[in-house]
Amino acid sequence: MVVVAAAWGLVLPAVPAQAAPEPCAAGHVRLTFDDGPHPTATPDILDTLAEHGVTATFFVVGRMAGAHPALVRREDHEGHTVGNHSWDHPDLTTLDRARVVTELQETNDVIEQVTGTTPTQWRPPYGATNSAVEAAAADVGLTSMVLWTVDPRDWADPPATTVRDRVLQAVRPDSTILLHDGTGAHTPEALPMILAGLADMGLCVR
Ligand code: ZN
């Protein structure tokens, strides 16, 4: 009896549960969501981010933001950044300067009306940009263009596990991950798995 008890006393601390990595030991990544807000995907995504205590950037389409202002307000209230992704998602490089300004300014106006803050961060639709587009953006106060480094093509609606695997295979410290709220029906389902995978890798979201 004594021997068994002693053995247990030795064995228990010798087989700890698999140790969690040191938080943020591998660095940080950034999560971004484009093309919303969407009436079902965006609340799902916001719930998951809140559960994990994680903040993201939402590059909203002005037309969608105007249709769903409460969701933009919620993004802002919950500590996320709201950025400008144009009014209705054209390739800005195909438009004349006046149209580019209108696309970006009208979106700024909606974001400012809803959140009280004028955005400085923006993302051109399709990542399509040139010096004229960037100059027009700067003229309306959009001084920080944010592209991405990890693109799981979630908008084409692959299974959630595929979205997760593509992100976790490509991610590196300081990655900017592109996801979508609205296009890509499985993105809300993929997000908790992505966040779990990042944590397992010692990567924090900021
Ligand atoms: Zn987009």
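How many salt bridges does a search of the whole structure find? I ran that search and it gave seven salt bridges. I keep in mind throughout that this is a predicted model.

**Entry: the chain as a whole**

I looked up the overall make-up next. The chain has 206 residues, and 43% of them are buried. I find eight helices and seven strands in the chain. Its accessible surface comes to about 10,100 Å², and carbon and sulfur atoms hold 56% of that. I then looked at contacts with a separation of 6 or more, and 75% of these are between residues 24 or more positions apart.

**Entry: salt bridges**

Side chains of opposite charge can pair when their charged atoms come close. I went through several of the pairs.

E78 and R74 meet through their side chains in a salt bridge, with 2.7 Å from N to O. Both ends are partly exposed: E78 has a relative accessible area of 34%, and R74 stands at 22% relative accessibility. I also asked which residues are linked with R74 and E78 in a network of salt bridges. D47 belongs to that network, together with R74 and E78.

R97 and D139 form another salt bridge, at 2.1 Å from N to O. R97 lies in helix α5 (residues 97-115) and D139 in helix α6 (residues 131-139), so this pair ties together parts that are 42 residues apart in sequence. R97 is partly exposed at 46% relative accessibility, while D139 is exposed with a relative accessible area of 55%.

R99 and E103 also meet in a salt bridge, at 3.2 Å from N to O. Both belong to helix α5, and because they are four residues apart there, about one helical turn separates them. Is E103 buried or exposed? I find E103 buried, at 2% relative accessibility. R99 is partly exposed, at 39%.

**Entry: the zinc ion**

Which residues coordinate the zinc ion? I noted D35 through OD, and H85 and H89 each through NE2, at 2.0 to 2.1 Å. Along the sequence, these donor residues follow the spacing D-x49-H-x3-H. I checked the cover on the two histidines. H85 is buried, with a relative accessible area of 2%. H89 has a relative accessible area of 18%, and it counts as buried because the cut-off is under 20%.

**Entry: helix α6**

I came back to α6 because D139 of the R97 pair lies in it. Which residues of α6 are buried? I listed V133, A136 and A137 as buried. Seen down the axis of α6, the buried residues fall within an arc of 100 degrees, so they line one face of the helix. An α-helix has 3.6 residues a turn, so residues three or four places apart point the same way. The cover over the buried residues of α6 includes α5 and β4 (121-122).

On the other side of α6, I find S131, A132 and D139 exposed.

At its start, a side-chain oxygen of N130 comes to within 3.1 Å of the backbone nitrogen of A132. Just after α6, G141 has a positive phi of about 90 degrees.

Notes: Residues numbered from 1 in each chain as written. Predicted model: local features only at pLDDT ≥ 70, side-chain atom pairs only at ≥ 80, totals over all residues. Heavy atoms only, no water. Salt bridge = Lys/Arg side-chain N within 4 Å of Asp/Glu carboxyl O. Buried < 20%, exposed > 50% of the residue type's maximum accessible area, 1.4 Å probe, protein only. Helix = DSSP H or I, 4+ residues; strand = E, 2+ residues; numbered from the N terminus. Donors = N, O, S within 2.8 Å, 3.2 Å for Na, K, Ca; no water. Arc of directions from axis to C-beta. Contact = heavy atoms within 4.5 Å. Polar contact = N/O pair within 3.5 Å; in protein donor to acceptor, adjacent residues only side chain to side chain. Areas by Shrake-Rupley, 256 points an atom, 1.4 Å probe, with all protein chains shown as cover.
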